[in-house]
Amino acid sequence: MGFFLETLFGGLMAGMLYSLVALGFVLIYKASGVFNFAQGAMVLFAALAMARFAEWFPKWFGFESLLLANLLAFVAAMAMMVVLAWAIERFCLSKLVNQEGITLLMATLGIAYFLDGFGQTLFGSDIYSINVGMPKDPAFVMESMFEGGVMISKEDLVAAAVSALLVIVLALFFQKTKTGRALRAVADDHQAAQSIGIPLNRIWVIVWSVAGFAALIAGIIWGSKLGVQFTLSLVALKALPVVILGGLTSVPGAIIGGLIIGVGEKLSEIYIGPMLGGGIEIWFAYVLALGFLLLRPQGLFGEKIIDRV
Amino acid sequence: MKFKPLALAATLVTLGAASFATPAMAQEQYIPLLSYRTGAYAPNGIPWANGKQDYLKYVNANGGVNGVKIAYEECETGYATDKGVECYERLKGRGASSFDPQSTGITFALTDKAPIDKIPLITLGYGLAASQDGGVFKWNFPLMGSYWTAADILIQHLGEKEGGLDKLKGKKIALVYHDSPFGKEPIPLLQKRAEMHGFQLNLLPVTAPGVEQKATWLQVRRDRPDYVLLWGWGVMNSTALKEAVATGFPREKMYGV
Amino acid sequence: MLYRENGQFKTSYAADQQIFPILQDRWALGLLLLVAFVVMPLVGSEYFFRAILIPFLILALAALGLNILVGYCGQISLGTGAFMAVGAYAAYNFMVRIDGMPLIVAMLLGGLCATVIGVLFGIPSLRIKGLYLAVATLAAQFFTDWAFLRIGWFTNNSTSGSVSVANLNVFGIPIESPVSKYLFCLVVVCLFALMAKNLTRSAIGRQWMAIRDMDVAAAVIGIRPVYAKLTAFAVSSFIVGVAGVLWAFVYLGAWEPAAFSIDRSFQLLFMVIIGGLGSISGAFLGAAFMVLLPVVLDQLPHWLGIPISTATVSHLVHMIFGALIVFFLIVEPHGLAKLWSVGKQKMRLWPFPH
Amino acid sequence: MNTSTTNAPLAPESNILLNVNGIEVIYNHVVLVLKGVSLQVPEGRIVAILGGNGAGKTTTLRAISNLLKGERGEVTKGMIEYRGERVEALSPSDLVRRGVVQVMEGRHCFAHLTIEENLLAGAYTRSDKGEISANLDKVYTYFPRLKTRRSSQAAYTSGGEQQMCAIGRALMSNPNMVLLDEPSMGLAPQIVEEVFEIVKDLNAKEKVSFLLAEQNTMVALRYADFGYIVENGRIVMEGAAQELASNEDVKEFYLGLSGEGRKSFREVKHYRRRKRWLS
């Protein structure tokens, strides 16, 4: 039982991180109807920038404070993400207005390739570490109930809290503000939004910057857990089943979906995996999501796909 | 019409190949180096590629091998088999005297081609374990032992530590391995050893590229093995260490290749 | 000027409905086939065959298969690599387990197995649409990756999970030399291209396109979405499966599941989109673009004699590649084939602009 | 650039709000759709562009509101002036700020937003909270139906309600001039009348000028002050609405009324100029 709980918690925490990446997908999809495959590359790019700047700034400017280095690196990395958002809008999206979803999807794959190459050219392709002072050691709770207690990683707890906060802020932003409403309008119909005077380019820069921010947070958390390296861009693949499970357009969906996938894959790996030879978590998440989709084609929380002929 | 760009490129490629095919002169041996400085395995690939080049430079600086200098050229594979095959095809025409594919997967793909082209495949501490027997793959030359050697050394070391191989009886050893041909190579040997010495072998695969190990280490924590053999590559190793710390598994009981 | 069809009259329906109604197109195609079948084997170098032409042909075939699904029927799939893998491993098993199994039969059987799996994973398409479906097909990708790695039976219990084939022959002719491999692929690709072209011109092809353009409206006029979608999945994965067999047997010779990873799926989807959705020649153009570009970019510094580390080159190739993809999408979202046909249209009207 | 003399039959005292002069539009660098269209909209009037499918009505509106870019089209010749200012280079959003807003053909409501959210989204260019809520009230008084459906998702409302929502949404930006594309499309005759009544009302009470593109010539001419007939990318006829409605050719071809009963299609007149070869 104690072990089950541990697995459950482990899954929840992993799921929280998937949610963070999934959030980036949802944001961009909601506001521009683009299924952004570059989200993983953005996470990698942001994390690389963060890790390397934190390493370089103290050398360049000759100070030693870790806090200051991290702060400056965070600001610099965020600035890069905004510039990136602007560049993507300027050189790519603005020229692809009104194209079909699949064309936009391909364009983001192109962007992903570009970012992978660009990030590694700038920052190198070795493993780098991000140290933002997250606690590394495990904590044990409920020791009275189970032998050896239930182990929870403190790092995961911090990560979960940060993600939860981010999600609440974003949900409010979308539902309550004028810009949020404009973002949703743009997602529904580019042209109509344009016709009533919503400037597409500005909206897109905003939303890609916000997604860049989500990517940066995700990158920092993953990076400080596991180190920053090229493979970080593959976490996007882990987030995909989350997005389809939760629904492409739902911020809470990304969170709940992440948790379900996280828990589902860890439990399946540990309890079903050995029967099948292990390593099943990679496809289990997808099959789980697929199963859900057969019941609800728009995902758990997605907006109903409305077809009027 | 479709072939217009192709034909153009064809001329380009042949031109390129012609002008750069350094003929293997008597005083020079040409060795293509397949390396991977990009992709998921770059953290291992970069130092390896650098090291090899440094060594070749060192050999050349000391007058080469019996006066024969070594010319080398790098080709980036990104650890992908088809890129590796392309590199092989491209570089073999330039008079390659041997190939070091630097990847198990590429070695597999080239094993059938090498005998036809009569180019030795030199695998330094990786590649097909079965090629240890020179009769099986005549053009494969494993140096420095193979994965089997490595696995065996690990078991012997554990035996020593416990005070004799027979002391391994009843112990639990977990193999956390990269789920690919590379990671699976040592399994037959370890299974044999497990039979011989009566220890229990738990196989825990980690899906490539190896960033997702939470479940694996949770299993390690549940099973509490006496030793963990880590058969990882690239980013998998650093992740494994971090996850091990996060689950509180003692580092001195982990052995990596 | 040269490209003008004045004076070419169609005197029968058959003439009006032929695949290439314009005389110049027929000439061009004939010339192309002549070059492919006769000139190339005479002049091509080994590197050119092994590293460029063979992968180009095989990937073009796979892209062709994918284009039927994506371009003609509008069902996005990110699991193409998986269907290739199914074809390859199935054919491998037929070869290993049945003595004297001819290569062609194994190849077609491999394609059939891919068809079955393709239809199986196509079933969700009846309920799920668009991007949701795209991601759902990833399930096929990851599942087959895992299955071929993990289930020993598929790989004939090879300890490492890597399998190889040797001594290929067709009707007793060995397929070993680069030229014979090339010609074999070329024949297969030509046959399948002809088949695909005709399929898309037939009733079933029109059904696919109707479903693609508006499935509800198509259903209303009596097209069964179930039938149309599943046949598209079946035909597509059959072709893709055969391409998988060629990729594994003819190009690689020895392979592991990583040869059919998700990167392959993306690569093929790129080909289809860059080449042109819903066009047969688009598959070839896209494949040519995707195969040649990295090779050329990779060697460019070498030709120019710029000393630059291979890692940087590789990163730069990634960047240029990504940028070019975006560039092409901006220039012509409907792919190279569309660019080509716009060019043709202009040539027909030249020198008058409109 | 004083070509407006060629077609300025309007009373000289009326103040020209929008002046379109000889524009050509090419799609995708290949297809020439508008071949020199000129028209004017005086302040406070309703002007209709009439014509069949593919005549170039929508393209004209989009050229004015600068929504062509998304369709890969561009204005290659001619000029567009709004209150004497050249506006071809402005973004759609700048135009909305200046008071020109388009209601697109086929309504284009934001399907997943509620009616009220749709309306509020229309006020994106306005930042004054009081103004926005006043506008919202105004829209609700003109379109009482919308008020009853304010919290339902736009996709689930009827076609007429969606059209009203689209017009209402445009009004939220407080425009001087509304470009109205095919308001009658897909609506029941009764609803069409209702929509046009409201348009007339808005024109009379709020002094909003309308440029509307319409296939339904009969209704359009009844509510408009002035009309242009477009065929094949050219203006072929223009005049005050009553004049047009009483013109025999217009009656015959666009209104389906003719003095001598039904005619065969062979005798139907087309207002095409002599066809250039290879046009």
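How many helices and strands does the secondary structure of chain A come to?

## Model and conventions

This is a predicted model, in which local features need pLDDT of at least 70 and side-chain atom pairs count only at pLDDT 80 or more, while totals for chains, interfaces and linings use all residues. Residues are numbered from 1 along each chain as its sequence is written, chains are lettered from A and ligands numbered from 1 in the order in which they are written, and side-chain values use heavy atoms, with hydrogens and water left out.

## Chain A

The secondary structure of chain A comes to 11 helices and 2 strands. Helices (H or I, at least four residues) and strands (E, at least two) are DSSP runs, numbered from the N terminus. Along the sequence, the pattern of chain A reads α-α-α-α-β-β-α-α-α-α-α-α-α. Chain A has a radius of gyration of 20 Å, close to the 19 Å that the globule rule gives for 309 residues, so it is as compact as a globular protein of that length. The radius is taken over C-alpha atoms, and the globule rule is 2.2 Å times the number of residues to the power 0.38.

Along the principal axes, the C-alpha atoms of chain A fill a box of roughly 65 × 60 × 35 Å. Of its 309 residues, 65% count as buried. Buried means under 20% relative accessible area, exposed over 50%, and partly exposed in between (1.4 Å probe, protein chains only).

## Salt bridges

Side chains of opposite charge can pair when their charged atoms come close. Over all chains, the whole structure holds 29 salt bridges, each a side-chain nitrogen of Lys or Arg within 4 Å of a carboxyl oxygen of Asp or Glu. One of them joins B:Asp100 and B:Lys52 (2.4 Å, N to O). This pair links distant parts of the chain, 48 residues apart: B:Asp100 is in the loop between helix H3 (81-92) and helix H4 (104-111) of chain B, and B:Lys52 is in helix H2 (residues 42-61). B:Asp100 is buried at 6% relative accessible area, and B:Lys52 is buried at 13%.

In chain D, D:Lys77 forms a salt bridge with D:Glu24, with the closest N and O atoms 3.9 Å apart. D:Lys77 lies in strand S4 (residues 73-82) and D:Glu24 in strand S1 (residues 16-27), 53 residues apart. D:Glu24 counts as buried, at 19% relative accessibility. D:Arg83 and D:Glu43 also meet in a salt bridge (3.6 Å, N to O). D:Arg83 is partly exposed at 44%, as is D:Glu43 at 33%. A network of salt bridges links B:Glu89, B:Lys92, B:Asp117, C:Glu46 and C:Arg50.

## Surface patches

Patches are made of residues with over 30% relative accessible area and no salt bridge; like charges are joined within 9 Å, and nonpolar side chains (Val, Leu, Ile, Met, Phe, Trp, Tyr) within 5 Å. Accessible areas come from the Shrake-Rupley method with a 1.4 Å probe, and for residues only the protein chains shown count as cover.

A nonpolar patch on the surface has about 910 Å² of accessible area together, and C:Phe37 and C:Leu191 are among its residues. Helix H2 (23-43) and helix H7 (178-201) of chain C each give two or more residues to this patch, and H2(C) gives the most, with 8 residues. C:Phe37 is found in helix H2 of chain C and is partly exposed, at 33% relative accessible area.

A patch of positive charge gathers A:Lys178, A:Arg202, D:Arg97 and D:Lys129 on the surface. Lys and Arg count as positive and Asp and Glu as negative, with His and the chain ends not counted; the place of a charge is NZ of Lys, CZ of Arg, CG of Asp or CD of Glu. A:Arg202 is in helix H8 (residues 200-226) of chain A and is partly exposed, at 44% relative accessibility.
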